[in-house]
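Dear colleague,

Please find below the structure I promised to hand over.

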Amino acid sequence: MSMHALAALRHPSWLRALASLPMLIVLAACAPSGAGATSPSSRTVDAPSSARTSGGTAVAVFAGGCFWCMQPPYDKLPGVISTEAGYTGGHTSRPTYRQVSAGGTGHAEAVRVTYDPRKVSYPKLLDVFWHNIDPVAVNRQFCDVGDQYRSAIFPIGPQQRGEAEASLRAIQADPRFKRPIATRIEPAATFYPAEEYHQAYYRKNPLRYKYYRYGCGRDQRLQQIWGNAG
């Protein structure tokens with residue numbers, strides 16, 4: 001399946017149109033769509049000065065390529081309360097999926113993780129992040145190409161930054177990586193929630209999600225890098 005074929009099925013109008021077709025031909029991708037733009041969420045989350053919230057929870061933000069694929073590993077992690085797909089790290093206000101996926105906004109597809117720090121630590125969230133990305137891929141992840149699919153950590157506050165930097169140093173020292181680590185540590189920025197059809201996509205469209213994930217080669221590459229630890 002070509003990248004253009006994968007890309008064409010990412011927009012919701014295509015997903016609706018293909019709903020009645022045999023699932024074997026239904027593929028989707030975190031890649032540009034030729035269809036029209038859809039409205040972004042009206043809600044934005046300004047970059048907080050602290051990861052802790054008033055309710056005792058904490059937040060963390062990671063970019064690991066397709067945000068469809070970064071919600072599941074966190075959603076199943078004990079101590080994680082919720083995840084949200086969105087865009088961050090760029091210069092365009094209230095971006096749409098079409099704008100971000102086309103490139104030029106500076107934003108990356110990302111996930112915002114709300115968690116209970118009494119039950120799961122930020123270093124554990126970092127560990128999950130690393131084991132779900134290809135750290136040496138430059139401005140891409142798996143089949144999705146462009147800086148909107150870069151891998152990045154957006155630490156909130158000095159404690160998260162220190163732990164993120166220590167985690168990055170450990171990855172850089174890992175002998176399994178023969179090429180430079182491409183993952184960036186970037187300043188926390190305004191987080192723009194993605195359109196509703198992207199949220200928890202793997203739950204809403206499980207077969208399409210699995211076909212996309214397999215077709216993109218994500219699990220094959222993760223197995224190659226991390227083995228059974230992935």
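Please bear in mind that this is a predicted model.

In total, the structure contains nine aromatic pairs. Another of them is edge-to-face, because the rings of Trp68 and Tyr212 have planes at 90°, with 5.5 Å between their centres. Since Trp68 belongs to helix α3 (residues 67-75) and Tyr212 to helix α8 (residues 206-216), this pair ties together parts that are 144 residues apart in sequence. Trp68 is buried, at 0% relative accessibility, and Tyr212 is buried as well, at 1%. Elsewhere, Phe62, Tyr74, Tyr122, Phe129 and Trp130 are linked by ring pairs into a cluster.

As to the cysteines, a search of the whole structure returns one disulfide. It joins Cys143 to Cys216, with an S to S distance of 2.0 Å. The torsion about this S-S bond is about -105°, so the disulfide is left-handed. Cys143 sits in the loop between β4 (140-141) and β5 (144-145), while Cys216 is in helix α8; the bond thus links distant parts of the chain, 73 residues apart. Both Cys143 and Cys216 are buried.

Cys69, by contrast, takes part in no disulfide: the nearest cysteine sulfur belongs to Cys66 and is 4.2 Å away, whereas the cut-off for a disulfide is within 2.5 Å. Cys69 is also buried, with a relative accessible area of 0%.

With kind regards

Definitions and conventions. Residues are numbered from 1 along each chain as its sequence is written. This is a predicted model: local features need pLDDT of at least 70, side-chain atom pairs count only at pLDDT 80 or more; totals for chains, interfaces and linings use all residues. Side-chain values use heavy atoms; hydrogens and water are left out. Rings of Phe, Tyr and Trp (its six-membered ring) pair if their centres lie within 6.5 Å; planes under 30 degrees apart count as stacked, over 60 as edge-to-face and the rest as tilted. Helices (H or I, at least four residues) and strands (E, at least two) are DSSP runs, numbered from the N terminus. Buried means under 20% relative accessible area, exposed over 50%, partly exposed in between (1.4 Å probe, protein chains only).
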